[in-house]
Amino acid sequence: MMFKIVLIACIACIFALSFKKINESVSVAILIAGTVILAVFIITHFVGAFNGMSEMVSATGINSSYLKILFKCLGISLVAGIAADICEDAGYTALVSQIMLAGKVSVLLLCLPLFEAVLKMCIGIIRG
Amino acid sequence: MKKTGFFLVIFVLLLLFFAQPCYAADESDTYISQSGIYESAAALESETKTFLKEIGLGEITAQNVYALDFFTVLKTVFDSFQNAFRNALKTLTVIAGTVLLSAFAQSFGEGTKGQTIQHILHPVSVCVIVLCSSASFAALIGEAAAGVRSAAAFSISAVPIMCVICAAQGKAVSASLCSAATVGISQVLNTCFSVYFIPAANIMLALGISACANNTLHLDKAVKLIRKYLLIFLGGGALVYFTVLSVRTSVSSAVDESTVKTIKFASANFIPVIGGAIGDSAQAVAASLAVSKSTVGVFGLFCILAIFIPIISKILVWIIGLEICSLFSEAFSLDQETVCLKHLADTLTVFIVVIIFCVTMFFINFGVLLTLRGAV
């Protein structure tokens with residue numbers, strides 16, 4: 001797996017560098033394509049680990065929706081991070097801030113049920 | 001005539017007085033039922049009931065207590081630990097997995113130059129850890145509270161039993177007072193534990209969770225304060241209890257022995273005709289009382305063990321597991337997760353201290369009941 005990732009990264013890097021002086025927009029497109037391919041490749045390999053963890057959670061009888069939320073948050077932060085890195089490399093720093101904000105708001109909205117559940121649990125514990 | 005009538009009245013009174021203990025060998029079950037054990041046993045957790053069944057106390061009778069096998073009890077205790085470990089291990093694995101995921105997410109932010117989104121995942125992973133452990137925790141805290149409440153109920157039922165035994169043995173009230181004070185203080189402490197300590201520990205847990213979810217509130221100081229005062233009050237309670245216990249041990253035993261022996265000697269030598277009979281019957285009474293009290297005592301000890309062993313084993317496994325998980329998250333520099341796991345472990349430590357103190361008081365209380373026979 002690691003060999004393939006390194007290979008894809010090297011090829012994308014070489015092509016992006018080659019096209020940088022000829023046409024910079026093509027270079028950025030190659031960079032984006034390479035990054036997306038790498039991200040998809042990595043995420044598909046992690047799906048197995050996530051599924052394994054979900055199975056473990058369902059075996060314990062714990063509500064697996066909590067872990068699903070964590071996975072989603074992780075996914076959002078990954079995607080937002082990748083997008084922010086691409087924008088940063090392209091020199092669009094204003095977009096980086098907006099992507100970060102969008103990511104944070106998405107995570108917050110996704111986690112509201114979690115915070116609600118924790119709050120309910122705290123009230124339940126205090127009431128005994 | 002008047003003299004004979006007088007001694008007849010005394011004889012009848014003494015017979016009435018000793019009537020219950022004379023048949024005490026057959027009435028051990030009555031003593032057990034008087035202790036309110038059946039009501040408390042009915043309210044026990046299913047796991048504790050299973051534990052009782054497995055050690056051979058499915059049906060609470062004196063015969064079953066005598067038939068207890070040491071190796072069966074040992075095996076059941078070991079199995080209880082094993083089950084607690086197996087059940088906690090699954091949840092602890094999920095917690096460790098969440099810590100790993102959080103570390104994984106944190107690692108994405110390490111290489112980037114500018115702002116990162118990864119730090120927003122820490123409160124989320126703390127919430128997931130808390131919610132994953134909450135199901136086990138709620139049951140554990142409930143069991144601990146039920147155990148402490150049962151201990152309080154047993155402790156309250158111990159005083160009437162002790163009074164019956166003291167009255168039946170003809171013990172001096174002054175001597176019994178020290179024992180009553182010991183048991184009485186344990187009653188007060190047990191009630192304090194169930195009414196104040198467990199709710200305070202619950203509040204501490206809730207504040208600890210809130211402190212981890214949002215570290216800008218600085219609630220961890222409140223948590224530390226509650227923990228400090230809980231331990232201070234616990235230490236104070238222990239000091240009072242053991243002071244009274246040591247006073248009782250040094251003062252009452254000598255008084256008890258001399259008083260009861262004097263009563264025996266007086267009844268045998270100064271009451272004509274029937275005095276010898278009373279003196280002889282006193283030996284039978286003492287023997288049967290010994291059986292009865294041992295039964296109550298041994299039964300009480302096994303009940304306390306049965307109530308507390310599953311809870312203690314679970315809490316111990318959880319404390320160890322949470323400490324390992326906190327070390328694990330500390331290794332990845334996940335501060336919020338580490339603090340959360342430490343708060344959870346600290347709360348459980350307070351619970352286990354309270355429970356162990358309850359168990360200790362219980363053993364001593366039943367020891368007090370058992371030593372009361374030594375005077376006759």
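Q: Where is B:S333 found in chain B?

A: B:S333 sits in the loop between α10 (275-331) and α11 (335-371) of chain B. Helices here are DSSP runs of H or I with at least four residues, strands are runs of E with at least two, and both are numbered from the N terminus. The model is predicted, so local features need pLDDT of at least 70 and side-chain atom pairs count only at pLDDT 80 or more, while totals for chains, interfaces and linings use all residues. Residues are numbered from 1 along each chain as its sequence is written, and chains are lettered from A and ligands numbered from 1 in the order in which they are written.

Q: What is phi of B:S333 near?

A: Most residues other than glycine have a negative phi, and most peptide bonds are trans. In B:S333 phi is positive, near 60 degrees, and the residue is not a glycine. For another positive phi, look at A:G91, which follows α3(A) and has a value near 90 degrees.

Q: Is B:S333 buried or exposed?

A: Count the other C-beta atoms within 10 Å, with C-beta atoms placed from the backbone: 20 or more is buried, 12 or fewer is exposed, and in between is partly exposed. B:S333 counts as exposed because it has 10 such neighbours. B:D335, in helix α11 of chain B, is partly exposed, with 13. B:K224, in helix α9 (residues 220-269) of chain B, is partly exposed too, with 16. B:G147, in helix α7 of chain B, has 27 and counts as buried.

Q: How many helices and strands does each chain have?

A: Chain A has four helices and zero strands. Its pattern along the sequence is α-α-α-α. Chain B has 11 helices and zero strands.

Q: What share of each chain counts as buried?

A: In chain A, 25% of the 128 residues are buried. In chain B, 44% of the 376 residues are buried.

Q: Which contacts join residues at least 24 apart in chain A?

A: Two residues are in contact if their C-beta atoms, placed from the backbone, lie within 7 Å. Take the contacts in chain A between residues at least 6 apart in sequence: 49% of them join residues at least 24 apart. In chain B, residues 24 or more positions apart account for 81% of the contacts with a separation of 6 or more.

Q: Which residues show separation along the chain against distance in space?

A: B:G147 and B:I311 are 164 residues apart along the chain, yet their C-alpha atoms are separated by 8.0 Å. B:D335 and B:H122 are 213 residues apart in sequence and 8.8 Å apart, C-alpha to C-alpha. B:K224 and B:M204 are 20 residues apart along the chain, with C-alpha atoms 8.4 Å from each other.

Q: Which residues touch the most other members of the largest nonpolar core?

A: In soluble globular proteins, nonpolar side chains tend to be buried together. A nonpolar core is a set of buried Ala, Val, Leu, Ile, Met, Phe, Trp, Tyr and Cys residues joined through C-beta atoms within 7 Å. The largest one has 87 residues, and B:C127 and B:I355 touch the most other members. Leaving out residues up to four places away in sequence, B:I355 touches B:A144, B:G147, B:V148, B:F308, B:I311 and B:I312.

Q: What span should helix α3 of chain A have?

A: The expected span is 1.5 Å times one less than the number of residues. For the 27 residues of α3 (residues 64-90) of chain A that gives 39 Å, and the end C-alpha atoms are 39 Å apart, which agrees. Helix α1 (residues 2-22) of chain A reaches 31 Å, close to the 30 Å expected.

Q: At what angle do α3(A) and α4 of chain A pack?

A: Axes are lines fitted to C-alpha atoms, for helices over the stretch in contact, and angles run from 0 to 180 degrees between N-to-C directions. α3(A) and helix α4 (residues 93-127) of chain A pack at about 175 degrees, with axes 8 Å apart. That makes the pair roughly antiparallel. Angles over 145 degrees count as roughly antiparallel, under 35 as roughly parallel, 65 to 115 as roughly perpendicular and the rest as oblique. The residues of this contact divide into 17 nonpolar, four polar and two charged. Ala, Val, Leu, Ile, Met, Phe, Trp, Tyr, Cys and Pro count as nonpolar, Asp, Glu, Lys and Arg as charged, and the others, Gly among them, as polar.

Q: How many residues of chain B are in contact with chain A?

A: 34 residues of chain B are in contact with 32 residues of chain A. On the chain B side, α7(B) gives the most, with 11 residues. That side has 21 nonpolar residues, 12 polar and one charged.
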